[in-house]
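Thank you all for making the time this morning. I would like to walk through one structure with you, going from the strands to the helices and then to a few single residues.

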Amino acid sequence: MNDQYSLRGRVFHKLREDILTGKYAEKEELKEAAISKELGVSRTPVREALRQLELEGLVHIVPNKGAYVNGITSKDIYDIYEIRSYLEGLCAKWACEHITREQVDELEEIVYLSNFHIQKEHWEQIFALDNRFHLRLYESCGSKILEHILSDYHHYVERVRKNTLSSKERASEASAEHSAILEAVKSNDPELAEKLANEHIFKSLENIKHQGLTKLMEQHEDN
């Protein structure tokens with residue numbers, strides 16, 4: 001069974017999402033009894049999920065005391081964006097060989113809908129479509145390993161990505177960059193697709209640096 005759909009998997013994904021979106025503050029204790037009651041499960045899958053979160057560096061467990069949130073630091077976010085830039089380039093390169101007609105059609109629809117919602121300044125839809133574009137591109141690379149790694153990194157920086165797309169100018173630029181990546185993939189130009197995908201993530205990182213990471217994280221917490 002896919003871990004995402006196992007009991008432990010569901011608990012793990014829920015807790016990870018809650019940590020990454022700021023529901024739990026850094027250094028806050030994650031109490032097994034309270035979480036099991038909230039999620040309607042026994043303490044066993046909660047304990048297993050906490051151990052898995054510790055392996056990912058999001059939680060640290062103190063023997064005989066409890067589990068505490070590490071969260072994502074500013075350095076983690078910068079590191080993730082730089083790593084993502086290379087891996088997303090590789091993803092786009094491999095997508096040139098493996099992408100299907102159905103995946104191309106869906107990505108084209110995402111770009112079209114993104115441009116529509118950008119003009120209307122529908123921020124929730126813009127963010128959701130940005131998510132869909134990247135996740136669908138990951139699926140098209142032909143590698144489950146790379147798809148899994150990129151999907152995790154994508155979710156890790158969700159709390160700041162949402163605010164980077166909250167300006168019409170950057171949202172429009174990002175959509176144009178998505179369109180260019182897709183055209184390179186459709187044209188079966190792996191070198192160009194890799195270059196454009198790499199640059200797209202670096203431009204997102206530069207935008208974060210320009211706006212100020214601390215400010216972006218505070219904006220998210222205030223939402």
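In which sense do strand 2 and strand 3 pair, and over how many bridges? Before I answer, please keep in mind that what you see is a predicted model. Strand 2, residues 59-62, pairs with strand 3 in the antiparallel sense, and the pairing runs over 4 bridges. Within that pairing, His-60 has Tyr-68 of strand 3 as its bridge partner. The two strands form a hairpin with 3 residues between them, and in the turn Asn-64 has a positive phi of about 65 degrees. Strand 3 also runs antiparallel to strand 1, residues 29-30, to which 2 bridges join it, and there Leu-30 stands opposite Ala-67.

In soluble globular proteins, nonpolar side chains tend to be buried together. In this model the largest nonpolar core has 27 residues, of which Leu-15, Ile-19, Leu-30, Leu-53 and Tyr-81 touch the most other members. At least two residues of this core come from each of helix 1 (7-20), helix 3 (43-55), strand 3 (66-69), helix 4 and helix 10 (190-211), and the largest share, 5 residues, is that of helix 1. If we take Leu-15 and leave aside its neighbours within four places in sequence, we find it in contact with Tyr-24, Ile-35, Ala-49, Leu-50 and Leu-53. Apart from this core lies another one, of 22 residues, which includes Cys-91, Phe-133, Cys-141 and Ala-193.

Let me now turn to helix 5, where we can check the geometry. With 20 residues, 101-120, and at 1.5 Å a residue, this helix should span 28 Å, and its end C-alpha atoms are 29 Å apart, so the two values agree. Which residues of helix 5 are buried? They are Gln-103, Val-104, Leu-107, Ile-110, Val-111, Ser-114, His-117 and Ile-118. Looking down the axis of helix 5, we see these buried residues fall within an arc of 160 degrees, and therefore they line one face of the helix.

Just after helix 5 comes Glu-121, with a positive phi of about 60 degrees. Most residues other than glycine have a negative phi, and for that reason I would point out two residues here. Glu-121 sits in the loop between helix 5 and helix 6, and at 40% relative accessibility it counts as partly exposed. Lys-27 has a phi near 75 degrees, again a positive value in a residue other than glycine; it lies in the loop between helix 1 and strand 1 and, at 65% relative accessibility, counts as exposed.

Is Glu-32 buried or exposed? Its relative accessibility is 19%, and since the cut-off for buried is under 20%, Glu-32 counts as buried. Its side chain is joined to that of Arg-43 by a polar contact of 3.5 Å, and, beyond the neighbours within four places in sequence, Glu-32 is in contact with Arg-43, Val-46, Arg-47 and Leu-50.

Next is Asn-131 in helix 6, buried with a relative accessible area of 14%. Not counting residues up to four places away in sequence, Asn-131 touches His-154 and Arg-161, and a polar contact of 2.5 Å joins its side chain to that of Arg-161.

Finally, Tyr-156 lies in helix 7, residues 144-156, and is buried, with a relative accessible area of 9%. Its side chain makes a polar contact of 2.2 Å with the side chain of Glu-56. Neighbours within four places in sequence aside, the contacts of Tyr-156 are Arg-16, Leu-20, Glu-56, Leu-58, Ile-72 and Ile-80.

Methods: Residues numbered from 1 in each chain as written. Predicted model: local features only at pLDDT ≥ 70, side-chain atom pairs only at ≥ 80, totals over all residues. Heavy atoms only, no water. Expected span 1.5 Å × (residues − 1). Buried < 20%, exposed > 50% of the residue type's maximum accessible area, 1.4 Å probe, protein only. Arc of directions from axis to C-beta. Core = buried A, V, L, I, M, F, W, Y, C linked by side-chain atoms within 4.5 Å. Contact = heavy atoms within 4.5 Å. Pairing = 2+ DSSP bridges. Polar contact = N/O pair within 3.5 Å; in protein donor to acceptor, adjacent residues only side chain to side chain.
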